[in-house]
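Open the structure in a viewer and keep the sequence panel beside it. The stops below are given in the order in which to select them.

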Amino acid sequence: MEFDISQLLLKENLLNEEDLKKFLKLSKERNERLDTILLKEGHVSEENLLKFLGKILSIPFLSKLSVDKIEEAVLKSIPIKILKSYKLLPVEKNQDVLTIATSDPFNLPSTGELASITGYKIKLVLACEKEISVNLDKLYKPDSGSTEDVMKEMREDISSFIRDEKTEDLLDLANKAPVIKLVNLMIFQAIEKRASDIHIEPLPGKLRVRYRIDGVLYDALTPPKAYHAAIVSRIKVMASLNIAERRLPQDGRFDIKSGDKEIDIRVSVIPVAGGERVVLRLLDRASLIDLTELGLDEQMYKIVDNLIHLSNGIILVTGPTGSGKTTTLYAALSRINSPDKNIVTVEDPIEYQLPGIAQIQVKPEINLTFANGLRSILRHDPDIIMVGEMRDLDTVDIAIRASLTGHLVFSTIHTNDTAGAITRLIDMGVEPYLLTSSVRAIIAQRLIRKICSHCKIEYNLEHKDEILELEKLGIKKEDLPKKLSKGKGCSYCHEGYSGRIAIFEILLIQEQIEKMIMERKPSRSIRNEAKKLGMRTLRGDGLKKVYEGITTLSEVLSETQEVMD
């Protein structure tokens, strides 16, 4: 850094003396700047830190950016490599002054260098890195043309899209320019809308394309049914699948680059009535999030941080498919990953590549199962092991043995809540005494949609149904909040929601819980005892986020309806 900000942080009450010593020590150990350490450790938010830096550096902070006023000539004056390398964004040109946003005022070319490159005088503003990245993608997104343009081009040669059984004809269809453009448009549009999946579904008389955004499917395109064979064939070509095989399911993958994002796309094709149905799963390799960004409040973060730094035992993460279990485990592994630890995982599939961690892909066709992979891992002197899923008793037994011999084991299991995981493991054949000896904690989670920050409004709590629901949750009338928040709906969001956050329930295997497990008590009794010991339930954590204006009551109730408190 150009100068020491530690005393200024103390003065602004962003740090106390004890925290400052701790973070300065971490800064020295990791050879990272103090402000970087504060962000990574979750001590301050990026927005608050940038506002603080803006104050001491006399640089304005902008919470929202827009690139609507940027001219083509200005964009051409700055090499895209410089913008992406330093996370810079041209915001506005006023006569001979160019305003550029940065999220890191200590790591960028000098204003003199930027002035000589662009030919303009430079004015700096500060903005959050995500805000800069989103707008950079808007400026430099691939020019695939509009949906209407591509459709028009395809209609001009509609005879080309009549289904043909010959492989060479299908291959010819897949490589026609309009088809390539339409498939590219689907993918890039989905990335722009933050979709996690693209569904291509043949229906009677039409072809439906839907995007899954924040866990909800939305209609996107409806190309004529005649294009179906061409679109499916194109995707098969991209994923190196057999385009002539239309009777059996096929799975594949391919990579694309969109702006500075590298997207891994998993392809699944299944035969259904009316043709072949395709689902594309989009995984942004750079979207792996930090433990501090999951949605844990300060109390829960400290509990999880202590758990993942244990030397042995099993930590289980539970929840339905798509609840973010793997993301939580990756965030935990990234947090404790260091050169002095040997971390090995066995997964199906490997969703993200983690630097410095050995990751094994399960391959049942050659008998490389979770259990067999885990056996091999134990011969590689691991400190920490991650097993993608506890699917069978064999895998659970080996994981327990590993934890009892001094290894820290992370894994997932499919149950509705934390206490249900104990019952599931006992039903699988695990002896209660082994459970109490090995399992340290069980974490349940769900993903809920966040209220859009662009159209968020407060409203008085007057609706009878909402008041009734809160009273059902045990909230006394006098404790009901006066106001709640919701999104009106705008161009930045979907139905007033934008993005998702996790809600958690953490069951620590304490002495009282151990006794109940040994007595094979039902999960409801264990859950009630855990609540008496201070466990915040999924609904309780969701309700806290409702009160904080992060999400809505209806969202929490819908995502936790199977878990009754």
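## A sheet and a helix

Begin with P90, which stands opposite I100 in strand 2. The model on screen is a predicted one.

Now select strand 1 (88–94) together with strand 2 (residues 97–102). Strand 1 and strand 2 run antiparallel and are joined by six bridges.

To find one point of pairing, pick A101, whose bridge partner in strand 3 is V125. Strands of a sheet pair through backbone hydrogen bonds, either parallel or antiparallel.

With the three strands shown, the order reads 1-2-3 in an open sheet of mixed pairing. Strand 1 and strand 3 are the edge strands, each pairing on one side only. On average, neighbouring strands of this sheet are turned by 30° against each other, direction ignored.

Next, select helix 7 (residues 111–118). Helix 7 forms a right-handed β-α-β unit with strand 2 and strand 3. It lies across strand 1, strand 2 and strand 3, and runs at about 125° to strand 3.

Move on to helix 15 (residues 370–377). Which of its residues are buried? They are F370, A371, G373, L374 and I377. Look down the axis of helix 15: the buried residues fall within an arc of 165°, so they line one face of the helix.

Finally, show what covers these buried residues, including strand 11 (343–347), strand 12 (358–361), strand 13 (384–387) and helix 16 (393–404).

Conventions: Residues are numbered from 1 along each chain as its sequence is written. This is a predicted model: local features need pLDDT of at least 70, side-chain atom pairs count only at pLDDT 80 or more; totals for chains, interfaces and linings use all residues. Side-chain values use heavy atoms; hydrogens and water are left out. Buried means under 20% relative accessible area, exposed over 50%, partly exposed in between (1.4 Å probe, protein chains only). Helices (H or I, at least four residues) and strands (E, at least two) are DSSP runs, numbered from the N terminus. The arc is that of the directions from the helix axis to the C-beta atoms. Contact means heavy atoms within 4.5 Å. Two strands pair if DSSP finds at least two bridges between them. A crossover is right-handed if, with the strands pointing away from the viewer, the path from the first strand over the helix to the second runs clockwise. Axes are lines fitted to C-alpha atoms, for helices over the stretch in contact, and angles run from 0 to 180 degrees between N-to-C directions.
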